[in-house]
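Subject: Structure handover

Hello,

Here is the structure I promised to pass on. Please load it before reading further.

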Amino acid sequence: MSSDRPAPTVLAHLSDLHLDGGPRATERTRAVVAHLLGLPGTLDGVLVTGDLADHGTDDEYRLAAELLQPLADRHPLLVCPGNHDAREPFRRLLLGGGPGDAPVNQVRDLAGTRVVLCDSSIPGRAEGRLAPGTLAWLDATLAAAPQLPALVALHHPPVDLGLPYIDRIGLREPEGLAAVLDRHPQVTAVLCGHAHTAAVTTFAGRPLLCAPGVVSTALLPWEQEPGQSWKTEDADPALTFHLLHEGRLSSHHRTVRTA
């Protein structure tokens, strides 16, 4: 790239760690962290779009904090909740916040890009929804910096992906999010988790990209044997690198060997 062109914003995007205290999820997460720490270059941030914990317990978040701290020491670390997360311990043990069960919404400006993280979780439910207060906050947060290219991140995809199990527990009432995005042309893309696969589609006229799962990989209907689960634990964990440059997002998927 020419030296007189602005540098891109580069994010590593991972999701669905489902840390449960057991060795399998722990080692898969540890392998992804080691892969990112071993990169010879630098990143502008690491984004984790939900389901860091499997049951939302304090011990699971203490483990998540321990495993992710080396990344946070080197790169800005951005985390948002998923349906397996619990807001109060998530906020307290991962973000250093006080008690409270309000949505965990955050904004970070990284290398000239505004990354807006919306809490789409519904306590006690698998499906997602953006509360009216979250949509109003998103609208105001984007309006406050129209000059910055923006990425909007949340756990639940706002469109069907052709994965029957995931589609049944996706984002409800996505038209509210679409209406906000329609007012803010600087939003380049929407980034999600929840799908356990590197799915790519569109939403509100923008790219929508789901990170692959760290703990497991979703199977499409034609990949499943009769009676088989919706996911496989045989595939290696994976992550995505997003490169935002001059209003265009390019994404690159990588698998990580665990042993």
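Below is what I found in it, from the whole chain down to single residues.

**Ground rules**

This is a predicted model: local features need pLDDT of at least 70, side-chain atom pairs count only at pLDDT 80 or more, and totals for chains, interfaces and linings use all residues. Residues are numbered from 1 along each chain as its sequence is written, and side-chain values use heavy atoms, with hydrogens and water left out.

**The chain as a whole**

The chain has six helices and 13 strands. Both are DSSP runs, numbered from the N terminus: helices are H or I with at least four residues, strands are E with at least two. The radius of gyration is 17 Å, close to the 18 Å from the globule rule for 259 residues, so the chain is as compact as a globular protein of that length. That radius is taken over C-alpha atoms, and the rule is 2.2 Å times the number of residues to the power 0.38. Along its principal axes, the C-alpha trace spans about 50 × 45 × 40 Å.

Buried residues account for 51% of the 259. Buried means under 20% relative accessible area, exposed means over 50%, and partly exposed is in between (1.4 Å probe, protein chains only). The accessible surface is about 11,200 Å², with 53% of it on carbon and sulfur atoms. Areas come from the Shrake-Rupley method with a 1.4 Å probe; for residues, only the protein chains shown count as cover.

Contacts are next. Take those between residues at least 6 apart in sequence: 68% of them join residues at least 24 apart. A contact means heavy atoms within 4.5 Å.

**Charges and salt bridges**

There are 21 positive and 30 negative charges, and their mean positions are 3 Å apart. Lys and Arg count as positive, Asp and Glu as negative; His and the chain ends are not counted. Each charge is placed at NZ of Lys, CZ of Arg, CG of Asp or CD of Glu.

Side chains of opposite charge can pair when their charged atoms come close. The search of the whole structure gives 12 salt bridges. The criterion is a side-chain nitrogen of Lys or Arg within 4 Å of a carboxyl oxygen of Asp or Glu. These are the ones to look up:

- E233 and R24 form a salt bridge, with the closest N and O atoms 3.7 Å apart. E233 is in the loop between β11 (231–232) and β12 (238–245), and R24 is in helix α1 (residues 23–37), so the pair ties together parts 209 residues apart in sequence. E233 is partly exposed at 46% relative accessibility. R24 is partly exposed too, at 30%.
- R183 and D139 form a salt bridge, with closest N and O atoms 3.0 Å apart. This pair also links distant parts of the chain: R183 is in the loop between α6 (175–182) and β7 (187–192), D139 is in helix α4 (residues 132–143), and they are 44 residues apart. R183 is partly exposed, with a relative accessible area of 48%.
- R257 and D236 form a salt bridge at 3.4 Å between the closest N and O atoms. R257 is in the segment after β13 (248–255), D236 is in the loop between β11 and β12, and the two are 21 residues apart. R257 is exposed at 67% relative accessibility. D236 is partly exposed at 27%.
- D58, D59, R62, E88 and R92 are linked in a network of salt bridges.

**Backbone: which residues have positive phi?**

Most residues other than glycine have a negative phi. D16 has a positive phi near 60° and is not glycine. H18, also not a glycine, has a positive phi of about 50°. D16 is in the loop between β1 and α1, and H18 lies in the loop between β1 and α1 as well. D16 is buried, with a relative accessible area of 0%. H18 is buried at 8%.

A7 is in the segment before β1 (9–14). A7 is exposed at 63% relative accessibility.

P132 lies in helix α4. P132 is exposed, with a relative accessible area of 68%. P132 and V159 are 27 residues apart in sequence and 19 Å apart in space, C-alpha to C-alpha.

Best regards
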